[in-house]
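Look at the model below, then read on.

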Amino acid sequence: MRFPGGDGGRPTLDEVLFDQWASTSVADYDDARRRARLAETRFGHGWVRWGRTRRVLLRALVIPLLLGCVCAAYTAGDVAPQRARLARTEPAVLPVTPAADPRMRDTAVFDLVGLGALDSRDTVRALPSLAGLGSVWSVRYDNSGIDTKVIGDLIVKVTDAAHVDNVVLVGHSMGGVIALEVGRHLYTGSTKRLTAVMLDCTPVNLNAVRPESRNQGEELLRWTGWIPGARESRTLRLLAEMYSRRDNFVDYSSEPPGIRGDRFARTAADVLWQKLFNEDVASNGLIESQFEAIVAGGAIGDLGAMDRRVDGKPRPAIVFIRPHDPDRDPIVDDEYTHRVLIDTVGGVGGTLLVVLTRGTGHADPIQQPGEYNEVIAQQVVPFVRLEQREELTTGQAR
């Protein structure tokens, strides 16, 4: 079939395309012809010498090129801004509560929060009984990591400016490990009188951390060591936080397990606002530093150093608050820490007080403020005052 010709009797473009279509059947498009056509038109088809090798090498180069682009975007868009922001952070001490008794104005109480938190202002506000020991301050960590010597020097500077000679340190969970190390710096390397160190469910070393929590912490250290930028990356933090909260949105009743869309969106929004867009939350690097303080296992040595008199100063009282039922603490083996404390600073002539609570769990004064305030007011404050009087009397007798 042919259409009438155009000008001069020559066929039009429509006529040519129709003739090609009409003269070709489906059988003409066999697989061999298709493969041959692809081979003729693919990139590098004209390469005669080492053609296949050159094409394989070229394809192999595409993969690292794509990975390099992804890594560059990851570094420039995720890691670098966080690294620059964290470089501008520094530790601080923030006043929260004045001393309840004017006679205790010469004592400052510094509270150090546990793993995953940045400062302890909310915890301090839940514990007004601490004001019975002196004016209360919250320690805010450097979000890029922890240097206990810097924190100790900052406490000395602040107390010098306030004309305060006596210091009490309070540490919750891992914060107790930091408090012991800071306390050692103050006790052995400054003129300040370390009155007491109060430990709330503190693991004195890695053996005091229950296996499940220990494995999570060790895995964190491995990932931050293997993946470049993991200490600063918000993307990795998002993935880790979503994985830890997977029970909120994974539907295990189906096979295979599915995802509940509305709960997934709600969980993602919570993580974004609470953990990523909130600059008052602990960074990956700070959490790593906090766990490394436990792994280092220097708390027992710090306790030993504070159990020996230095320059005639009285030894600090050591207070350990823990639940009476050890199973109420799912993170720390408080019985292990209890035994270590008795061996190190307890016994005859020791400075240890162990307070057993009935309704508390792991370092949760915000959830159980009533019992915490009760034991601090009725047991801790009287013990610290009595212990210091006895230490001063013993020191003068010597």
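A cavity, on a 1 Å grid over the protein atoms alone, is a set of points where a 1.4 Å probe fits but cannot get out. Grid points are joined across faces, edges and corners, and a volume is the space filled by probe spheres set on the points. This is a predicted model: local features need pLDDT of at least 70, side-chain atom pairs count only at pLDDT 80 or more, and totals for chains, interfaces and linings use all residues. Residues are numbered from 1 along each chain as its sequence is written, and side-chain values use heavy atoms, with hydrogens and water left out.

A search of the whole structure finds one cavity of 30 Å³ or more. The largest cavity holds about 120 Å³ of space. Its lining has 17 residues, where lining means an atom within 4 Å of a point. Gln-82, Arg-234, Arg-237, Lys-275 and Ser-283 lie nearest the centre.

Helices (H or I, at least four residues) and strands (E, at least two) are DSSP runs, numbered from the N terminus. Helix H3 (51-87), helix H8 (234-244) and helix H9 (261-276) each give at least two residues to the cavity lining. H3 supplies the largest share, three residues. By class, four lining residues are nonpolar, six polar and seven charged. Here Ala, Val, Leu, Ile, Met, Phe, Trp, Tyr, Cys and Pro count as nonpolar, Asp, Glu, Lys and Arg as charged, and the others, Gly among them, as polar.

## An open pocket

A pocket is an open set of points with protein on both sides within 12 Å along at least five of seven lines. The second largest pocket has about 290 Å³ of space. It is lined by 14 residues, and Met-104, Thr-107, Thr-195, Arg-385 and Gln-388 lie nearest its centre.

Strands S4 and S5 and helix H13 (369-397) each give two or more residues to this lining. The largest share, five residues, comes from H13. The lining has five nonpolar, four polar and five charged residues.

## The sheet

Seven strands form an open sheet in the order S1-S3-S2-S4-S5-S8-S9, with mixed pairing. Two strands pair if DSSP finds at least two bridges between them. Strand S1 (92-97) and strand S9 (352-357) are the edges, and each pairs on one side only. From one strand to the next, the twist averages 20°.

Look at S4 (residues 166-172) and S5 (residues 193-200). They run parallel, joined by seven bridges. Val-170 stands opposite Met-198 in S5. Helix H6 (residues 174-189) packs on the sheet and touches strand S2 (107-112), S4 and S5. Its direction makes about 160° with that of S4. Such angles run from 0 to 180 degrees between N-to-C directions, and axes are lines fitted to C-alpha atoms, for helices over the stretch in contact.

## Two helices crossing

H6 also meets helix H11 (residues 299-306). Their axes come within 9 Å and cross at roughly 30°. The crossing is left-handed: the near helix is turned anticlockwise from the far one by less than a right angle.

Contact means heavy atoms within 4.5 Å. On H6, the contact residues are Leu-180, Glu-181, Gly-183, Arg-184 and Tyr-187. On H11, they are Ala-299, Gly-301, Asp-302, Leu-303, Ala-305 and Met-306. Six of the contact residues are nonpolar, two polar and three charged.

## Backbone details

Which peptide bond is cis? It is the one from Glu-255 to Pro-256, with omega near 0°. Pro-256 sits in the loop between strand S6 (250-251) and strand S7 (258-259).

His-163 has a phi near 55°, a positive value in a residue other than glycine. His-163 lies in the loop between helix H5 (148-161) and S4.
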